[in-house]
Amino acid sequence: MAEVEDVKSVAKISTVVMVIAMQAEALPLVESLKLIEDDTPPFPKGVPWLKYSGVRDGLQVHIVSPGKDDVLGVDNVGTVSGALLTYATIQALQPDLLINAGTAGGFKAKGASVGDVFVATEVAYHDRRIPIPILDKYGIGATQTISTPNLLAILELKNGKLSTGNSLDMSPEDEELIKSNDATIKDMEGAAVAYVAHLFSVPVILLKAVTDIIDGGRPTSEEFLENLSVAGNALLKIGIQVLDFVNGKYITEL
Ligand code: ADE
């Protein structure tokens with residue numbers, strides 16, 4: 001497992017970027033934080049990516065989102081958009097801390113309920129199967145996130161391992177790897193955002209609100225759509241608490 005030792009921990013946190021894939025997840029935070037959309041975001045010309053910025057109690061806060069697919073008009077979810085956006089964002093904004101906030105499925109057998117907000121302690125992929133020695137481990141790509149014991153204790157957040165793949169549903173092959181990743185929650189961006197953040201030694205927190213119970217017997221897509229606003233509200237409340245908690249602290253104090 002990759003250890004994250006060389007993250008920027010020398011300066012107090014003064015600039016935070018939240019990477020949020022879905023507009024339904026991002027906009028409540030944008031409104032509540034009174035962030036302003038950047039008409040000329042620092043991204044390559046023509047990409048649909050969005051940036052909203054503002055200041056909260058001295059903390060520079062940006063929310064970036066991969067925007068909509070130009071043909072289908074739906075949110076650009078998944079690892080490819082997530083990684084590209086994270087790359088461009090780090091280059092442009094040099095944040096002290098990245099927060100990938102979004103929704104996830106959760107396993108009730110591991111203590112997840114709809115509306116819970118989790119901090120992922122570790123993240124890995126479940127859809128990069130390469131059955132060749134060593135490449136199998138590379139595919140899984142297990143990566144630790146930064147340690148945040150004070151954040152977890154003070155905000156009373158649940159924590160667990162996250163598994164990332166590009167599907168909302170779960171094939172039998174995915175299920176096998178998710179279980180061997182010991183995951184409590186499952187999403188579509190976390191491992192990719194963490195990979196890019198680690199490339200540039202930017203600390204990252206993966207904050208995930210549960211919309212659906214994977215081992216609950218209901219169709220995932222139905223439960224996901226039904227609970228999107230419940231999870232969005234939870235993410236709004238906890239997202240702001242996290243911003244207030246990290247403001248002005250060293251990474252080592254989280
Ligand atoms: N986001 C919300 N629910 C999810 C699930 N079950 N799998 C992947 N991403 C999700």
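A crossing of two helices is left-handed if the near helix is turned anticlockwise from the far one by less than a right angle, and right-handed if clockwise. Helices (H or I, at least four residues) and strands (E, at least two) are DSSP runs, numbered from the N terminus. The model is predicted: local features need pLDDT of at least 70, side-chain atom pairs count only at pLDDT 80 or more, and totals for chains, interfaces and linings use all residues. Residues are numbered from 1 along each chain as its sequence is written.

**View A. Helix α1 crosses helix α7.** The crossing is right-handed. The two axes come within 9 Å and cross at roughly 40°. Axes are lines fitted to C-alpha atoms, for helices over the stretch in contact, and angles run from 0 to 180 degrees between N-to-C directions. A24, E25, P28, L29 and S32 of α1 meet L228, G232, L235, L236, G239 and I240 of α7. Residues are in contact if their C-beta atoms, placed from the backbone, lie within 7 Å. By class, the α1 and α7 contact holds seven nonpolar, three polar and one charged. Here Ala, Val, Leu, Ile, Met, Phe, Trp, Tyr, Cys and Pro count as nonpolar, Asp, Glu, Lys and Arg as charged, and the others, Gly among them, as polar.

**View B. The buried residues of helix α1.** Helix α1 spans residues 23-32, and E25, A26, L29 and V30 are buried in it. They lie on the same side of α1, because they cover an arc of only 120° around the axis. The arc is that of the directions from the helix axis to the C-beta atoms. Their packing partners are β1 (15-19), β3 (50-56), β4 (59-65), β5 (97-106) and α7 (220-246). K34 follows α1 and has a positive phi, near 55°.

**View C. Helix α2 packs with helix α6.** Helix α2 covers residues 79-93 and α6 covers 190-199. Their angle is about 30°, and the axes are 8 Å apart. The crossing of α2 and α6 is right-handed. T79, G82, A83, T86, Y87 and I90 of α2 meet A192, V193, Y195, V196 and A197 of α6. That contact has eight nonpolar, three polar and no charged residues.

**View D. F245 in helix α7.** F245 counts as partly exposed, because it has 18 C-beta neighbours inside 10 Å. A residue is buried if 20 or more other C-beta atoms lie within 10 Å of its own, exposed if 12 or fewer, and partly exposed in between; C-beta atoms are placed from the backbone. F245 touches L151, I154 and L155, not counting residues up to four places away in sequence.

Key:
Contact = placed C-beta atoms within 7 Å.
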